[in-house]
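Colleague: I am new to reading models like this one. Could we go through it feature by feature?

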Amino acid sequence: MSSKSKCSPLSSIGQKQVMAVTGLLLCGFLVTHMLGNFTLLIGSDAFNKYSHALTSNPLIYLAEVGLALLFISHIVMAFRVIIANKKARPTPYHTYTKSGRGGTFASATMAYSGVIALVFLVFHILGLKFGTHYSTIVGGVEMRDIYKTTVEYFQGSTLHLAGYLIAVIALGIHTSHGFWSAFQSLGFNHPKYNPKIELLSTLFGFYVAIGFSIFPIFCYFQGGH
Ligand code: HEM
């Protein structure tokens, strides 16, 4: 029997594959975004120059559209899969127990951690990208002082710090299972490699949660501006 739903052009397997590919590409974005953010720890000039190099490149608009499409497709597919699972089996159960990994806290809370990450993203973009606009001059070039906006956002604000820490921990939990799950959906399921993928997935979750926690903590404790 076909698992194709009447209103969707994609089979449920296809939807999971789209979720997997978009999820892995978003993981790639997280890696590059975090590496770029490390310039924050070097100092204001390094962070501002890095951000200016990105935002003054005309290709940024293309990259932003691509990124938005990745987020939208990932979220839309996630909702479709959740609804299809609920219809198929109204009593909650661990969808992923069959994958061989067993039901984990991360697998059982994917929808919640995903929603937390989404809410975070809205506040994150409003608070920093569209946050207070200061200007500075670095090496004779006028640019946005995104360092000042970022530090000011967290400096002494326990609410912003706590919100970010909760969100990046949720994102770490989400990716710790998502990474593994993506490999399963794409058919990389072999008893020999499964333990390695599982370890890699858990490490990636820690990398996201710990790595992204460093920046708000660093800014929170920054001295006067
Ligand atoms: C927790 C530490 C983080 C810091 C300090 C940080 C910093 C920033 C800053 C300063 C910007 C604005 C860049 C600019 O306009 O020049 C930005 C944009 C952005 N951040 Fe983050 N970020 C963090 C975590 C995250 C996470 C975990 C995600 C994903 C869930 C994320 C997704 C984005 C996105 C999608 C943009 C908009 C990119 C664009 O439109 O060009 N960030 N971030």
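This is a predicted model: local features need pLDDT of at least 70, side-chain atom pairs count only at pLDDT 80 or more; totals for chains, interfaces and linings use all residues.

Colleague: Which residues come nearest to the ligand?

Modeller: There are 20 residues around the ligand, and Ser51, Leu128, Lys129, Phe212 and Phe215 come nearest.

Colleague: Which helix gives the most to that shell?

Modeller: Helix 6 does, with six residues. Other helices take part too. At least two shell residues each come from helix 1 (12-37), helix 3 (44-55), helix 4 (60-88), helix 6 (110-129), helix 7 (146-154), helix 8 (158-185) and helix 9 (194-220).

Colleague: Now the packing. At what angle do the axes of helix 7 and helix 9 cross?

Modeller: Look at the directions of the two axes. Here they cross at roughly 80 degrees and come within 7 Å. Angles of 65 to 115 degrees count as roughly perpendicular, so helix 7 is roughly perpendicular to helix 9. Thr150, Val151, Tyr153 and Phe154 of helix 7 make the contact with Pro216, Cys219 and Tyr220 of helix 9. By class, that contact has six nonpolar residues, one polar and no charged.

Colleague: Is helix 8 roughly parallel or roughly antiparallel to helix 9?

Modeller: Use the angle again. The axes of helix 8 and helix 9 cross at roughly 165 degrees and come within 8 Å. An angle over 145 counts as roughly antiparallel, so that is how helix 8 lies against helix 9. The residues of their contact divide into 19 nonpolar, seven polar and one charged.

Colleague: Is the crossing of helix 8 and helix 9 left-handed or right-handed?

Modeller: Helix 8 passes helix 9 in a right-handed crossing. Helix 6 and helix 8 pack at about 135 degrees, with their axes 8 Å apart. That angle makes helix 6 oblique to helix 8.

Colleague: Which residues of helix 6 and helix 8 make the contact?

Modeller: Helix 6 brings Met110, Ser113, Gly114, Ile116, Ala117 and Phe120. Helix 8 brings Ala167, Ala170, Leu171, Ile173, His174 and His177. Eight of the contact residues are nonpolar, four are polar and none is charged.

Colleague: Last point: what pLDDT does the protein average?

Modeller: The average is 90, and 89% of the residues score at least 70. Residues 1-5 have a pLDDT below 50, with five contacts in the model beyond near neighbours in sequence. Residues 93-99 also stay under 50. For that stretch, the model has 11 contacts beyond four places in sequence.

Methods
Residues are numbered from 1 along each chain as its sequence is written. A residue is near a molecule or strand if its C-beta atom, placed from the backbone, lies within 6 Å of it. Helices (H or I, at least four residues) and strands (E, at least two) are DSSP runs, numbered from the N terminus. Axes are lines fitted to C-alpha atoms, for helices over the stretch in contact, and angles run from 0 to 180 degrees between N-to-C directions. Angles under 35 degrees count as roughly parallel, over 145 as roughly antiparallel, 65 to 115 as roughly perpendicular and the rest as oblique. Two residues are in contact if their C-beta atoms, placed from the backbone, lie within 7 Å. Ala, Val, Leu, Ile, Met, Phe, Trp, Tyr, Cys and Pro count as nonpolar, Asp, Glu, Lys and Arg as charged, and the others, Gly among them, as polar. A crossing is left-handed if the near helix is turned anticlockwise from the far one by less than a right angle, and right-handed if clockwise. pLDDT is the predictor's confidence in each residue, from 0 to 100.
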